[in-house]
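Hi there,

Here is the model I promised to pass on. Have a look at it first, and my notes follow below.

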Amino acid sequence: MGKVTLKVKGMSCGHCVSSIEGSVGKLTGVQSVKVNLSSGEVDLEFDPSVVHLNDIKETIDDQGYDVE
């Protein structure tokens with residue numbers, strides 16, 4: 001199981017949290033996703049043999065946020 005923390009720009013409210021947690025949480029292979037608005041970070045736990053980190057980043061980007 002892989003764990004990573006991504007820096008994400010553009011998150012500002014509860015809708016941002018639910019948008020990212022909802023869309024990333026639906027991806028097969030994602031075990032957990034937790035958004036921290038105050039730090040601008042998204043903590044992920046996922047199975048890299050099932051889902052690639054780039055796919056997760058693209059999903060966040062598709063929601064309108066910038067992943068560093």
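Before the rest, some housekeeping. This is a predicted model, in which local features need pLDDT of at least 70 and side-chain atom pairs count only at pLDDT 80 or more, while totals for chains, interfaces and linings use all residues. Residues are numbered from 1 along each chain as its sequence is written, and side-chain values use heavy atoms, with hydrogens and water left out. Helices (H or I, at least four residues) and strands (E, at least two) are DSSP runs, numbered from the N terminus.

**The helix pair**

Two packed helices are described by the angle between their axes and the distance between the axes. Here, helix α1 (residues 14–25) and helix α2 (residues 53–62) have axes that come within 9 Å and cross at roughly 140°. That makes α1 oblique to α2. The axes are lines fitted to C-alpha atoms, for helices over the stretch in contact, with angles running from 0 to 180 degrees between N-to-C directions. As for the label, angles under 35 degrees count as roughly parallel, over 145 as roughly antiparallel, 65 to 115 as roughly perpendicular, and the rest as oblique. The crossing of α1 and α2 is right-handed, meaning the near helix is turned clockwise from the far one by less than a right angle.

On the α1 side, I20, S23 and V24 meet I56, T59 and I60 of α2. Contact means heavy atoms within 4.5 Å. The residues of this contact divide into four nonpolar, two polar and no charged.

I56, T59 and I60 are the buried residues of α2 (buried is under 20% relative accessible area, exposed over 50%, partly exposed in between, with a 1.4 Å probe and protein chains only). Seen down the axis of α2, these buried residues fall within an arc of 95°, so they line one face of the helix; the arc is that of the directions from the helix axis to the C-beta atoms. Their cover includes β1 (2–9), α1, β2 (30–36), β3 (41–46) and β4 (66–67). N54 and D62 are exposed on the other side of α2. For N54 the relative accessibility is 53%, and its C-alpha atom is 15 Å from that of D43, eleven residues apart along the chain.

**Two loops and a strand**

T28 sits in the loop between α1 and β2 and, at 62% relative accessibility, counts as exposed. Leaving aside neighbours within four places in sequence, T28 is in contact with V50 and V51.

D47 belongs to the loop between β3 and α2. D47 is partly exposed at 26% relative accessibility, and beyond its neighbours within four places in sequence it is in contact with M1 and G29.

Finally, V67 in strand β4 is partly exposed, with a relative accessible area of 25%. Not counting residues up to four places away in sequence, V67 touches L6, K7, V8, K57 and I60.

Best wishes

Definitions and conventions: Ala, Val, Leu, Ile, Met, Phe, Trp, Tyr, Cys and Pro count as nonpolar, Asp, Glu, Lys and Arg as charged, and the others, Gly among them, as polar.
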